[in-house]
Amino acid sequence: FPDLDSFLEQYGSIKSKERIDEMHDVIRPYILRRLKEDVEKSVPPKEETLIEVELTLQQKQYYRALYEKNVAFLQKNKKKALDGPSLNNLAMQLRKCCNHLFLLNGVEEEIRKQKESK
């Protein structure tokens with residue numbers, strides 16, 4: 001296209017799929033679109049290794065409390081409900097508990113207080 005005005009005149013208000021396909025056909029020679037595996041042949045295929053590890057005792061306690069929605073356990077020694085883990089997205093909270101217990105709101109402070117009091 002010689003200028004922006006001629007492009008906008010032809011494709012400025014596209015309302016149909018046929019016009020979009022037509023525009024794609026026109027600009028396809030000017031767009032470089034390649035996939036990584038087509039370009040770099042030395043990249044090995046992705047490999048996934050699963051390592052099963054048992055949860056710690058505290059993780060098991062919090063996991064069970066989250067799963068059973070045991071608010072009394074989750075909110076013990078908390079001033080506000082926001083200080084503890086949320087029960088809105090249970091799957092995400094359980095995932096956080098399995099990855100690292102301190103990802104849950106208020107758990108790190110609770111555990112540190114318990115260790116200091118011993």
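**Side-chain pairs and a helix face**

Me: At 32% relative accessibility, does Asp21 count as buried, partly exposed or exposed?
Reply: The structure is a predicted model, in which local features need pLDDT of at least 70 and side-chain atom pairs count only at pLDDT 80 or more, whereas totals for chains, interfaces and linings use all residues. Residues are numbered from 1 along each chain as its sequence is written, and side-chain values use heavy atoms, with hydrogens and water left out. A residue is buried under 20% relative accessible area, exposed over 50% and partly exposed in between (1.4 Å probe, protein chains only). With its 32%, Asp21 is therefore partly exposed.

Me: Which residue forms a salt bridge with Asp21?
Reply: Side chains of opposite charge can pair when their charged atoms come close. A salt bridge requires a side-chain nitrogen of Lys or Arg within 4 Å of a carboxyl oxygen of Asp or Glu. For Asp21, the closest N and O atoms are 3.2 Å apart, and the partner is Lys17.

Me: In which helix do Lys17 and Asp21 both lie?
Reply: Helices are DSSP runs (H or I, at least four residues), numbered from the N terminus. Lys17 is exposed, at 56% relative accessible area. Lys17 and Asp21 stand four residues apart, about one turn, in the helix of residues 17–27, which is helix 2.

Me: What is the N to O distance in the salt bridge of Arg112 and Glu108?
Reply: The structure holds six salt bridges. Both Arg112 and Glu108 belong to helix 7 (residues 107–117), four residues apart. Arg112 is partly exposed at 47%, and so is Glu108 at 27%. Their side chains meet at an N to O distance of 2.7 Å.

Me: How many aromatic pairs does a search of the whole structure find?
Reply: A pair of aromatic rings is described by the distance of the centres and the angle of the planes. Rings of Phe, Tyr and Trp (its six-membered ring) pair if their centres lie within 6.5 Å; planes under 30 degrees apart count as stacked, over 60 as edge-to-face and the rest as tilted. The number of pairs found by the search is two.

Me: What kind of pair do the rings of Tyr62 and Phe73 make?
Reply: The centres of the Tyr62 and Phe73 rings are 5.1 Å apart. Because their planes stand at 65 degrees, the pair is edge-to-face.

Me: How many residues apart in sequence are the parts that the pair of Tyr62 and Phe73 ties together?
Reply: Tyr62 lies in helix 4 (residues 57–67), whereas Phe73 lies in helix 5 (residues 71–74). The pair therefore ties together parts whose separation in sequence, in residues, is 11.

Me: What kind of pair do the rings of Tyr63 and Tyr67 make?
Reply: Tyr63 and Tyr67 are four residues apart in helix 4, about one helical turn. The centres of their rings are 6.5 Å apart and the planes are at 10 degrees, so the pair is stacked.

Me: How many disulfides does the structure hold?
Reply: A disulfide is a pair of cysteine sulfur atoms within 2.5 Å. The sulfur of Cys98 is 5.5 Å from the closest cysteine sulfur, that of Cys97, which is too far for a bond. The number of disulfides in the structure is zero.

Notes. Helices (H or I, at least four residues) and strands (E, at least two) are DSSP runs, numbered from the N terminus.
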